[in-house]
Amino acid sequence: MTSLKNDVFLRALQRQPTPYTPVWMMRQAGRYLPEYRASRQHAGSFMSLCQSPDFATEVTLQPLDRYPLDAAILFSDILTIPDAMGLGLYFEEGEGPKFERTLREESDIRKLAVPDVGTELKYVTDAVSQIRRALDGRVPLIGFSGSPWTLATYMVEGRGGTDFLTIKQMAYARPELLHHILNITTQTVIAYLNAQIAAGAQAVMIFDSWGGALSHHAYQEFSLQYMKQIVSGLTKENEGRTVPSIVFTKGGGLWLEAQAETGADALGLDWTVSLGEARRRVGSKVALQGNMDPAILLSTPEAVEKEVARILADYGIGNGHVFNLGHGITQFTPPENAEAMIKAVHAISSKYHLQG
């Protein structure tokens, strides 16, 4: 593999000195970009984009060709794992992902098994390898997976955006069934992320999108402990370089200290958390990634630049911060506002990184 020309993102995740704060955006290859919309139309469907290494490579690189970002993230979806488990993922226009089959009956849950990642998810690892070649060392490539709890919510509820009552009923009435789902999914996520690393991913992120829906005790039992198992099982070095890991629980600001004990190199923060307060709470144990409200990108470049300056000042002087949004960029974002954010991060942040 070609050596990295820009490793600021990887160094920031390891809290090493950097000349500025690196920046990337969750969902940076997406519907807000006209070039992405053209690619999706050409592919015919979202799943066709995901399952074609050529299309996945094309759309992964689109934001990098437009903006001076410090990392690329694999174009894929967190629901590739339950699809590989045979639950039948499909997308309805305007309604998001759904599954043909759900895990509600004990007999179906007991039959759940770890899929052959090398076969069922080969299209993902093929995309990782192809993207790495296409990047040619420009910036690092991030691989990712959903957390076991988040994946389980889709597998039990059959869709996203629910009130989680079906899976919570299982958690409280038949916790052994939910733990079976979570154990199988955890084994799969470990194999999946390690396959991405072997294929060329230089950092990995675990998206716990629905962890914030849990109570304090339930979060520890049904989400956090499984993410800790995953981090423990990850390949820690590849190509002679450390492969850092990021854990992100949306709505998880109450549990930062516990997240910092997972062994992950960095914690993702949503916009409800004070970056400065989070830094005080976790100290130097982990790097922090975040955490601008994506909605501000619907405003003006001037407002975006002002908020960038405020967030950088909130973190303060020192290393270990990766600038990002507090969740994925919205499809209605004007591309020029995303550009204003990225340029402002690079222009303003250097004064917070004292060299030598």
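In this predicted model, Pro 34, Glu 35, Tyr 36, Ser 39, His 42 and Ala 43 of helix α2 meet Phe 55, Glu 58, Val 59, Gln 62 and Arg 66 of helix α4, where contact means heavy atoms within 4.5 Å. Helices (H or I, at least four residues) and strands (E, at least two) are DSSP runs, numbered from the N terminus. The axes of α2 and α4 (residues 53-66) are 9 Å apart and pack at an angle of about 170 degrees. Axes are lines fitted to C-alpha atoms, for helices over the stretch in contact, and angles run from 0 to 180 degrees between N-to-C directions. The helices α2 and α4 are therefore roughly antiparallel to each other; angles over 145 degrees count as such, those under 35 as roughly parallel, 65 to 115 as roughly perpendicular and the rest as oblique. By class, this contact has five nonpolar, three polar and three charged residues. Ala, Val, Leu, Ile, Met, Phe, Trp, Tyr, Cys and Pro count as nonpolar, Asp, Glu, Lys and Arg as charged, and the others, Gly among them, as polar.

Residues are numbered from 1 along each chain as its sequence is written, and side-chain values use heavy atoms, with hydrogens and water left out. As the model is a predicted one, local features need pLDDT of at least 70 and side-chain atom pairs count only at pLDDT 80 or more, while totals for chains, interfaces and linings use all residues.

On the α10 side the contact is made by Ile 167, Met 170, Ala 171, Tyr 172 and Ala 173, and on the α11 side by Pro 175, Leu 177, Leu 178 and Ile 181. The residues of this contact divide into nine nonpolar, no polar and no charged. In the loop between α9 (148-157) and α10 lies Phe 164, which has a positive phi of about 65 degrees although it is not a glycine.

The largest pocket has a volume of about 1400 Å³. On a 1 Å grid over the protein atoms alone, a cavity is a set of points where a 1.4 Å probe fits but cannot get out, and a pocket is an open set with protein on both sides within 12 Å along at least five of seven lines; lining residues have an atom within 4 Å of a point. Grid points are joined across faces, edges and corners, and a volume is the space filled by probe spheres set on the points. The pocket is lined by 40 residues, of which Arg 27, Arg 31, Phe 46, Asp 77 and Pro 97 lie nearest its centre. Two or more lining residues come from each of α2 (34-43), β2 (89-92) and β3 (96-99). The lining comprises 17 nonpolar, 14 polar and nine charged residues.

For "binding site", the unreviewed UniProt entry lists Arg 27, Gln 28, Ala 29, Gly 30, Arg 31, Asp 77, Tyr 154, Ser 209 and His 327. UniProt positions are given in the numbering used here, feature names are shortened, and annotations may be inferred rather than shown by experiment. The lining of the largest pocket includes Arg 27, Asp 77 and His 327 among these residues.
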